Amino acid sequence: VLIPAGSFVMGATTNVGHESSSDEKPQHTVYVSAFYMDRYEVTNDKMIEVLTWAYGQGKLVVTSASVKNAQGNQQELLDLDDADCRITWDGTSFAMKSAKGAGYPCVEVTWYGAVAFCNYRSEKEGFTACYNLTDWSCNWSANGYRLPTEAEWEKAARGGVANRRFPWSDSDEIQHTRANYYS
């Protein structure tokens, strides 16, 4: 979805109090250029699709425990060995565990994995990859997928609402029906 350009007040809202950390204060106005962001988290299904493509292109080193990039500065992208990971590797292909697999957000992805996913998805879909996997820098002028900046993420997450802890109400209490979180 298109997140429109504009200014917003970034940082901890006044109703959060002691829960916010010092790097979230003081609130300050930030201008963000328009950008696109996926409406939903990357699912296990999409991760498997992109990893399968990348593996076929020789871009991955895969073991039963881990997925790493084969090019550039090799880093762990996905921790297959972690019990929470819903993706498996049988020596020839990726598969999905049945419980909380299909349609669920992919977990146990490192920051490097998220960046590599952006590159592989970009290349798979004919766009120019944004990241250099040797030094992990971003080419901001490339037309491929990339991670949002902190300011972009906060602007999108606020949903156009200002001075509230959550975009759906003034309540300080999180609502399980409106947010997926671990407590």
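1. With 13 residues at 1.5 Å a residue, α1 should span 18 Å, and its end C-alpha atoms do lie 18 Å apart, so expectation and model agree. Please keep in mind throughout that this is a predicted model.

2. Now for the inward-facing part of that helix. The buried residues of α1 are N44, M47, I48, V50, L51 and A54. After α1 comes G58, a residue with a positive phi near 75 degrees.

3. β6 and β7 run antiparallel and are joined by three bridges. Across the pair, V67 faces L78 of β7. Six residues separate the strands of this hairpin, and among them G72 has a positive phi near 80 degrees.

4. How many aromatic pairs does the structure hold? There are six. In one of them, the ring centres of W89 and F94 are 4.7 Å apart with the planes at 55 degrees, so this pair counts as tilted. W89 and F94 are both buried. Ring pairs also bring in Y55, giving a cluster of Y55, W89 and F94.

5. Another aromatic pair is W111 with Y112. Their ring centres are 5.3 Å apart and their planes meet at 80 degrees, so the pair is edge-to-face. W111 counts as partly exposed because its relative accessibility is 46%, and Y112 is partly exposed too, at 29%.

6. There is also a charge over a ring to look at: R121 sits over the face of Y145, 4.1 Å from the ring centre.

7. If you are wondering about the cysteines, a search of the whole structure turns up zero disulfides. C106 itself is buried, at 15% relative accessible area. The sulfur of C138 has its closest cysteine sulfur in C130, and at 5.0 Å that is again too far for a bond.

Definitions and conventions:
Residues are numbered from 1 along each chain as its sequence is written. This is a predicted model: local features need pLDDT of at least 70, side-chain atom pairs count only at pLDDT 80 or more; totals for chains, interfaces and linings use all residues. Side-chain values use heavy atoms; hydrogens and water are left out. Helices (H or I, at least four residues) and strands (E, at least two) are DSSP runs, numbered from the N terminus. The expected span of a helix is 1.5 Å times one less than its number of residues. Buried means under 20% relative accessible area, exposed over 50%, partly exposed in between (1.4 Å probe, protein chains only). Two strands pair if DSSP finds at least two bridges between them. Rings of Phe, Tyr and Trp (its six-membered ring) pair if their centres lie within 6.5 Å; planes under 30 degrees apart count as stacked, over 60 as edge-to-face and the rest as tilted. A charge sits over a ring if NZ of Lys or CZ of Arg is within 6 Å of the ring centre and within 35 degrees of the ring normal. A disulfide is a pair of cysteine sulfur atoms within 2.5 Å.
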